[in-house]
Amino acid sequence: MSPARVAVVACDTYEPAVVDAAVGRAIGLLGGAERFVSAGERIVLKPNLLVASTPEKAVTTHPSVFAAVARVLAEAGTMLTWGDSPGFGSTAGVGKRAGLVAEAARLGVRTADFSHGREVPFPEGALIKRFTLAEGVLEADGLVSLPKLKTHALTRMTGAVKNQFGCIPGMLKGEFHTRMPDVDRFSQMLVDLNRLIAPRLVVMDAVVAMEGNGPRGGDPRHVGVLLVSDDPVAVDALGCRIMNLDPALVGTVSWGERLGLGSASDIEILGDELPIFADYVVNRSAGSTTGGGIGSPLGKRLLAPRPFIVSERCTQCGTCVLVCPMEPKAVTFPGGDRSHTPEHDYGLCIRCYCCQEMCPERAIEVKTPLLGRLIRRT
Ligand code: SF4
Ligand code: SF4
C-alpha cells in the first residue's frame, strides 16, 4: 500500500493573503483540488464550531482558513454549503461569533441543515451499525473537514477524526457518551463515523492551535502550519507529533489505523518541515483518561482522572449541569441552589468531560486523584 500523503505548509499568520497562498500551495502539492472534488458536486464544509468563541481564542476554525478553502473549492466548480452541530448553542450563533457567518455570506456559501438528521445504516461498522447524520451532510455529495488542532481531556488531542462528531445533530451526541463511556469504545465509534462519511479532504488549522485545558478552556499556541490530506488519521498522527504526544495514546489515531480508516505509521510529508514542540502542554500520561481497565467502580472513583471545579472562577451559569449527559445528572447545584458552585458526584460521573469542554469560564479542570497519581508513578 502506498503511504498517506500529507502536505505540511508553513503559515505564520491568519492574514487572508498568506492563508490563501498556503492553502493553494498545500492543495497543489497534493495534485490539485480536482483530485478530491469534481465540478458540479455539492460539497459541505465542516469547520470546528465547538461553542461560541471569537477567533483569537483558538477554539474554532479560523475564518481565514474557512474562506481560503471555500475559494479553492469554488474555483474547482463545486457548489458549497457549510455547517456544524456545536456542543452548545446554535450553528448560527456560534458561527457568527467565530466569524464564519460573515465569511460564508461574503463568499455566497449557503448554510446547511445540521439541526435535523436521518438514520443511515452502516453494516460495515466495526462497533456502530447505524448513525443519525445531519441533513446537511446527507444532502451533499462530499464533505471537506476543517478541524482545529487542540488538546482534549477525553481523547488527549482533537483534530481531523473527532471533527466529524459534529455531523451528528444536537443532543444525540450526548447519547454516544453515555452508551460508550470508555474512551477506547468512543474512539472506535468516531472511526466508524468517519468510515461512513469518508471526508474528501482535511485542512487542519494549526496556525494557532490550543494547548492545556482544551478543547475550550486551554491557551492558544502558535504552531504556524496547515496540514492537508485526504487521510484524517495521518493528519491526526502528525498533529500528535507536533504536540510531542505518542500517537499510540490517542484512540482515534490507533483505532483509525487498525480499522482501516487511514495510516498513522506510513506517512509521506510534502512541503515544509513538521514543527515539534517538546514543551507542548498535553496529557502524555499512559493511564486511560476515563479509567478504562481499572475495574471496580470504587477503583475508578479513587484512581481515574476527574473533572474538578475551581470555585473562584465559577459564575454559577449552569452550563455544566445542562450539558452533562447523565440522568440523574453527575454534576448539580447542591440542594438546587444556583447561588452555589455545582458539585460533581464521582460515583455517577462517566468521565466524558462534556462539562469541562463547555464551561465558558475555564473553571473546570481535569485532575487525577492522589492515589491514581501515586500508582501511575510506580
Ligand atoms: S459551567 Fe463552569 S462557570 Fe458555569 S456553573 Fe459550571 S463550573 Fe461554573
Ligand atoms: S459530570 Fe462532567 S464528566 Fe461527569 S458525566 Fe457529567 S459531563 Fe461527563
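I began with the largest pocket, which holds about 620 Å³ of space. The model is predicted, so to speak of local features I need pLDDT of at least 70, and side-chain atom pairs count only at pLDDT 80 or more, while totals for chains, interfaces and linings use all residues. Residues are numbered from 1 along each chain as its sequence is written.

My note on terms: on a 1 Å grid over the protein atoms alone, a pocket is an open set of points where a 1.4 Å probe fits, with protein on both sides within 12 Å along at least five of seven lines, and lining residues have an atom within 4 Å of a point. Grid points are joined across faces, edges and corners, and a volume is the space filled by probe spheres set on them.

I found 33 residues lining the largest pocket, with Pro86, Gly87, Phe165, Lys173 and Met358 nearest its centre. Helix H7 gives the largest share, five residues; helices here are DSSP runs (H or I, at least four residues) and strands are too (E, at least two), numbered from the N terminus.

Next I turned to the second largest pocket, about 390 Å³ in volume. Its lining has 21 residues, and Ala153, Gly212, Val282, Asn283 and Val366 lie nearest the centre. Strand S16 (364-367) supplies the largest share, three residues.

Where does the second largest pocket lie? I noted that domain 1 (4-271) and domain 2 (297-377) both give residues to its lining, so it lies between them. The domain bounds come from an automatic or database domain assignment.

Conventions: Chains lettered and ligands numbered in written order. Heavy atoms only, no water.
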